Amino acid sequence: MALIWRILVHMMQNLDPSLVRSKIQKYCSYQERCHQEIRSKLYELGVSGQDLELILMELIESNMVNEERFAKAYAGGKFRAKKWGRKRIIQELKRRQISEYCIKSALAEITESDYLKTIRDLMEKKLDQSLEKNQYVKNGKVASYCIGKGYESQLVWDLIRDISPIK
C-alpha cells in the first residue's frame with residue numbers, strides 16, 4: 001500500500017502546471033476552502049515553494065478563495081447542521097489558521113436569538129431523552145453535553161436553571 005502511495009505521489013509531482021491549476025480550481029469550486037486546505041492539496045499534488053504561493057495568489061485574486069467567505073460558510077454550516085456552539089466553531093477556525101477578523105465576522109452571522117433557541121432546543125431534547133431520575137445528575141449530563149458541543153458554560157447553566165429548575 002505504501003509503495004502504491006509513493007508511486008502516485010511521484011506521478012503527481014510531475015503534473016503539468018495547467019493540469020494542477022485545473023485540478024485546484026475544481027477543488028475550490030466544489031466548496032469553500034481556506035488557505036490551509038489549498039496549501040495541503042497543492043502539496044499533495046506535488047506543488048511547493050514559489051509555485052504554490054503563485055497559484056494561491058491567483059486563486060485569491062480571482063476570488064475563488066476567500067477566507068472570510070469560508071469562515072462565514074463554515075460557522076453557519078456547523079451551527080445549523082451540527083448545532084455547534086461559538087467556542088467549538090472558534091476552536092475549529094483557529095485550527096485552520098483563520099484570522100481573528102474573519103472569525104468575528106463569521107460569528108456575527110449567527111444571531112443571538114437563533115443561538116439561544118438552538119441551545120434551548122438541544123437542552124430540552126436531551127432532558128426529554130434522559131432516563132436519569134436524579135434531577136441534579138440529569139442537569140449535569142445535559143450541561144456536559146452542551147458544553148462539549150461548544151456552548152459557553154455560564155450560558156448553559158443559566159438556561160438549565162430556567163428550563164429545569166430543581167424541585
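## Two terms to start with

Contact means that heavy atoms lie within 4.5 Å. Helices are DSSP runs (H or I, at least four residues), and they are numbered from the N terminus.

This is a predicted model, in which local features need pLDDT of at least 70 and side-chain atom pairs count only at pLDDT 80 or more, while totals for chains, interfaces and linings use all residues. Residues are numbered from 1 along each chain as its sequence is written, and side-chain values use heavy atoms, with hydrogens and water left out.

## α5 and α6

Let's begin with α5 and its partner α6. From α5, the residues F70, A71, Y74, A75, K78 and F79 meet I89, E92 and L93 of α6. Sorted by class, this contact has seven nonpolar, no polar and two charged residues. Here Ala, Val, Leu, Ile, Met, Phe, Trp, Tyr, Cys and Pro count as nonpolar, Asp, Glu, Lys and Arg as charged, and the others, Gly among them, as polar.

Helix α6 covers residues 86-95, and α5 packs against α6 at an angle of about 140° with the axes 10 Å apart. Axes are lines fitted to C-alpha atoms, for helices over the stretch in contact, and angles run from 0 to 180 degrees between N-to-C directions. The crossing of α5 and α6 is right-handed; a crossing is called right-handed if the near helix is turned clockwise from the far one by less than a right angle, and left-handed if anticlockwise.

## α5 and α7

Now turn to helix α7 (residues 100-108), whose axis comes within 8 Å of that of α5 and crosses it at roughly 40°. The two helices α5 and α7 are therefore oblique to each other. Angles under 35 degrees count as roughly parallel, over 145 as roughly antiparallel, 65 to 115 as roughly perpendicular and the rest as oblique.

In this pair, E67, E68, A71, K72 and A75 of α5 meet Y101, C102, S105 and A106 of α7. That contact has five nonpolar, one polar and three charged residues.

## α2 and α4

Another pair is helix α2 (residues 17-30) with helix α4 (residues 49-61), packed at an angle of about 45° with axes 11 Å apart. That makes α2 oblique to α4. The contact is formed by V20, R21, I24, Q25 and C28 from α2, together with L54, I55, E58 and L59 from α4. These residues divide into six nonpolar, one polar and two charged.
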